[in-house]
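I opened the model to look up its sheet and its nonpolar cores. My entries follow in the order I made them.

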Amino acid sequence: MVATPPEEIARQHAEACAILKSRSMPCLPRIDHGEVPLRWKQRPTSSSSPSSSNPNSPPGEEGIVVDDDDDVEHNDRPGWCISSRGQVDVSRIVELISEGVNDPAGDDEKKDERSSSSSSTAVVKEEPHSKSSSSADASCTNLWSERNASTNNVRLTRPSHDAWGIKKIILVFCDDFLNTIYTLPWYQPNNDVVGKRMHDAVRPVLDVLGIDKSQVVRCILAGMPPGVTIPVHHDTGEWVRHAHRVHVPIIVPDVDAVLFRCGDTVSTLNRVDCSPGHVFEMNNQAKHTATNAHPYAYRVHLILDYVDPSFFDARVSENCPTRRVDLSPGEVVTQTRRSIDRALDAGARRHPSYIVIGAQKAGTTSLYEYLNQHPWVIKAKRRETHCLDWRWDGTLKSTSDRRRRCLDFYHADAMTPYPSLITGDSTPSYLLDYYRVIPRLREVFPHEPRLIIMVRDPIRRAMSQYAMVTSTDGTPEQLAARGVEWRDKSLEEVLTEDVRNMKDDGLLPYWDVVTGTVDSSAYEAFANSREEDEAWERYVRTRIPTRTGSYSPLARGMYALQCRPWFRSFSKDKFLVLKLEDMMTSSPPPPSPAQSNENDDGSGGGAEKREGGGGGGGGVQRAVDRAMSHLGLPRFQVSDTSKKNSREYGDPLEGKDELRGMLERFFAPHNERFGRMMVEEMGYDEEEWGGVWSYDQR
């Protein structure tokens, strides 16, 4: 999806003017179909793909597109795009907004510069306006004045609308994910200057729709300049799938000079009646376009978006409840393409918000990249910062200096004005290297970031590690990070070395090296004992090097031992543990404790019920949904579900059944122990973790 070229907009404008002049397109009859079903809005109506939305489009703005997908199959298309919900008297709104309605948006000089490069067509006749721009800006009763809005309301930007020269009076607005709903002063009933009158004037629209004001997530008065065409597009953004879009024409100087069209595709656009007071709902995932061909007068619509009451319940179940905020007159907000924050909240979020601490070769890179597709998640300067192990600067003398050094990996200063945004990294060496990392993390990040652990069948994990570090493919930096210690060693040599190290450190009193078997009684007596704790710490302190990945092929798969010091050091709600196997499957795993009350009625709360979720990667989408709930972020649709940092390699165990059997016997008690830990200590589901990686079932 690309921005519509100016010449294409000029062509569409000429076409619209010709339609108006010829009177060849009558308006659709007014039919009240009721609400547009939200299941029709899970993807653009002109696309058979899960989503044609551009994740880089401005927050909540119309995507400017010229794609006509008439040649694809549309068996799943909605039956209609417009529903006439009723008729209201808009005279009280007109009374409030008439002053300055035909004044150009913004400062004349800046507006002229913007117009020269904007996508609107310059066919406006020069006519006297209701007031000069200077007098309008000086008026406290001119609600179109940007200066007035900045002082007595709150000024917000809407990039696409601003580029088209569309003026705005914003009453209610929300970020792209409907995470925070802001009510501006000019819609607050306790604002005696404008708010109460505007609140009462809009009330009839809500009554016709049969909704409560608490359901309104956006409410804007938009003034469309004369001689302008908004090109054919569909709206983009996460909010579109959850909200009903309603238009109410307020000021229309000449209905015969306005052409508002909507349809499944470009070739099926139908004209909508834009008589003042006509309350109509539209499917804004359908193609739509608008033209104001009046020679000098603006056309004004009330644009309102509302959600079903169940939306708020779903957000609570996803650990991301919607907030409501009343903004103060003149308050400053900071915006990104998808977020809105109050300036007074700058610095409220402490970074990093999360760290993926392991395990190596268990999908940590893929998960990190999936998380960073969320518009509110910002990548660290390095995916693996290693600021708590390899790059820890022991020469720094104070905690503040060490904290500053670590925060520099996360763009922390630049993110200060935007507390909605989060950042984190994925350094899988942290999980094993607990004795160094945990005290350092507590020192420099006392807010205790959320921790994510990825695990995988430990045999497959070990084989993947061996294949990676012995590969000669990669950048010089990658090759250096892998190390050269295993480059000339066989798999058997590498595994034998790790067993010998653990035996020497007293960690495997139950393992018979000669027979390759476990003494079950000795294992049960040794597991979770003080002697095991001491042996594990001895192994980690003496066998874990830095600046190389060529170590501990077996120990890295002993997840209970690796996780135990972490689980003892932080509250269990800080952790999310995911299996790579679940991320690769299309069948849903049982919920983790954080998602145990997840909405499952198809109202938008559960990922399993969402249409278009995951872009074809159901397991990926579910894993990311769980991560979003863990991080307290609103969910989003993962567009790229392909594997990251993966490589094809032959099975190092092919034809080595004896070695495979030995590894299965080695890991079997550790897998069973880790499954019990996840269920009994961490509260995860027995169905998901009981019998995890049970080799005797093969």
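I began with the sheet: eight strands form an open sheet of mixed pairing, in the order 2-10-7-12-5-3-4-13. Strands are DSSP runs (E, at least two residues) and helices likewise (H or I, at least four), numbered from the N terminus; two strands pair if DSSP finds at least two bridges between them.

This is a predicted model: local features need pLDDT of at least 70 and side-chain atom pairs count only at pLDDT 80 or more, while totals for chains, interfaces and linings use all residues. Residues are numbered from 1 along each chain as its sequence is written, and side-chain values use heavy atoms, with hydrogens and water left out.

Strand 5 (residues 216-224) and strand 12 (residues 299-307) run antiparallel over eight bridges. Leu-221 stands opposite Leu-302 in strand 12.

Next I turned to the cores (sets of buried Ala, Val, Leu, Ile, Met, Phe, Trp, Tyr and Cys residues joined through side-chain atoms within 4.5 Å; buried is under 20% relative accessible area, exposed over 50%, partly exposed in between, with a 1.4 Å probe and protein chains only). The largest has 104 residues, of which Leu-388, Trp-566, Leu-663 and Phe-674 touch the most other members. Helix 20 (residues 657-681) gives the most to this core, nine residues.

I also noted a second, separate core of 44 residues, including Ile-181, Leu-209, Val-279 and Phe-312.
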